[in-house]
Amino acid sequence: MKGRFNVEVDFWRKVTRDLLYNVPLPKETGFRTVRQNIGSIQNEGVDITLGGVVYSNKNFEWNSNFNITLLRNKVLELAQGTRFETGAFLIEEGQPLGNIYGYKNLGVFPYNESNAFTDDGKQLTPVFDDGGKFSKYTLNGVDYTGKVNQLRVGSTVLRGGDIYWADLNNDFTIDGQNDRTIIGNGTSKYFGGFNNDFKYKGISLSILVDYNFGNNIYRQYDWLRNDLNSANETPSPDRIDQSWRKQGDIAPFATLDRARTNNALGPNSQYISKGDYIRWRSMRLNYNLPQSLYKKMKWVSNVSLNFSVNNLFTLTNYPGYNPDLGSSNPLQTGYDTLRYPNRRDFIMGLRFQL
């Protein structure tokens with residue numbers, strides 16, 4: 001189209017070696033770890049840019065540019081092949097960075113009798129008589145008379161109002177060694193931006209929108225205020241309003257009984273959210289004043305007024321303040337400790353060009 005549009009596609013792969021890593025030491029040395037240059041990570045992806053002149057005539061011009069980047073990474077090598085945990089994240093060979101490691105939360109037991117399972121882990125359905133007294137169990141609508149197993153956290157049998165944790169190894173005991181798994185990943189699958197520049201005579205307008213999709217965020221702040229480990233903590237309003245209170249309640253959140261510490265396991269999947277967002281990042285308006293207004297100022301060749309706004313608004317379903325977290329630690333992407341939201345900035349300027 002006579003050079004009006006351009007397409008650029010870049011494929012890339014980068015392997016970073018000799019990464020700093022704390023290597024475990026034998027206990028008899030008197031030290032836990034020693035920092036060494038051991039470890040390698042591979043990042044690869046594709047970057048696509050589409051841009052050009054959408055419309056142009058004597059007085060008006062519209063230029064547009066769209067970019068999308070698809071990213072994948074994985075850990076190639078660790079010291080002695082040993083995986084390790086950092087915060088809520090698990091780092092292991094052959095797996096991507098950003099894996100959030102924790103317990104699967106399957107809901108809340110409505111009754112004490114709801115904590116009942118067959119030997120192969122199928123949940124039984126409790127049946128109550130007209131007076132509300134438990135009478136029997138059924139499985140797929142058929143009366144069940146076999147062995148009944150109950151989930152435990154440590155030595156505590158779970159009751160109505162407790163979280164129904166996924167028992168991954170089917171031993172009916174929830175523990176960190178056997179019942180944690182990957183519950184999300186904090187690394188974005190694709191992201192990019194959409195920029196538009198408009199010019200009409202002496203007026204120019206620039207609009208930038210960016211986006212991010214395909215990652216999860218672990219709401220560490222939310223877990224901390226709802227773990228009920230202190231009488232000084234106030235749970236979030238949704239927990240207070242929608243928590244389990246009595247036998248038979250169908251509730252999204254566990255009881256607020258602080259004595260039930262088995263409900264504070266974390267990280268867990270109830271605090272995992274999608275980090276997708278589209279953000280109107282900035283808008284800049286510039287107006288070049290007519291030369292007739294400053295023609296007596298011989299030392300000035302151009303005078304312009306400009307007005308810009310940053311972080312106009314964000315479209316997202318993320319319940320926290322800000323899905324655009326960033327991270328100073330690439331091993332802990334998607335870790336929200338209640339980062340303050342990006343503020344909206346209004347900037348005005350007057351420019352003299354000599």
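The model is predicted, so to speak of local features a pLDDT of at least 70 is needed and side-chain atom pairs count only at pLDDT 80 or more, whereas totals for chains, interfaces and linings use all residues. Residues are numbered from 1 along each chain as its sequence is written, and side-chain values use heavy atoms, with hydrogens and water left out.

**The largest pocket**

Begin by selecting Leu20, Ile41, Phe84, Ile91 and Leu331, which are the closest to the centre of the largest pocket among the 28 residues that line it. Its volume is about 570 Å³. A pocket here is an open set of points on a 1 Å grid over the protein atoms alone, with protein on both sides within 12 Å along at least five of seven lines, a 1.4 Å probe fitting at the points, and lining residues having an atom within 4 Å of a point. The lining divides into 14 nonpolar, eleven polar and three charged residues.

**The largest nonpolar core**

Next select Leu151, Trp165 and Ile174, the residues with the most contacts inside the largest nonpolar core, which has 16 residues. Such a core joins buried Ala, Val, Leu, Ile, Met, Phe, Trp, Tyr and Cys residues through side-chain atoms within 4.5 Å, where buried means under 20% relative accessible area, exposed over 50% and partly exposed in between, with a 1.4 Å probe and protein chains only. Strand S15 (residues 163–165) gives the largest share of this core, three residues; strands are DSSP runs of E of at least two residues, numbered from the N terminus.

From Ile174, move to the open sheet of three strands in the order S14-S13-S16, whose pairing is mixed. Its edge strands are S14 (156–157) and S16 (173–174), while S13 (residues 152–153) runs parallel to S16 over two bridges, pairing being counted when DSSP finds at least two bridges. Arg152 has Thr173 as its bridge partner in S16.

Then select Asn170, in the loop between S15 and S16, which counts as partly exposed because its relative accessibility is 30%. Leaving aside neighbours within four places in sequence, Asn170 is in contact (heavy atoms within 4.5 Å) with Asp119, Asp120 and Gly121.

Terms used
Grid points are joined across faces, edges and corners, and a volume is the space filled by probe spheres set on the points. Ala, Val, Leu, Ile, Met, Phe, Trp, Tyr, Cys and Pro count as nonpolar, Asp, Glu, Lys and Arg as charged, and the others, Gly among them, as polar. Helices (H or I, at least four residues) and strands (E, at least two) are DSSP runs, numbered from the N terminus.
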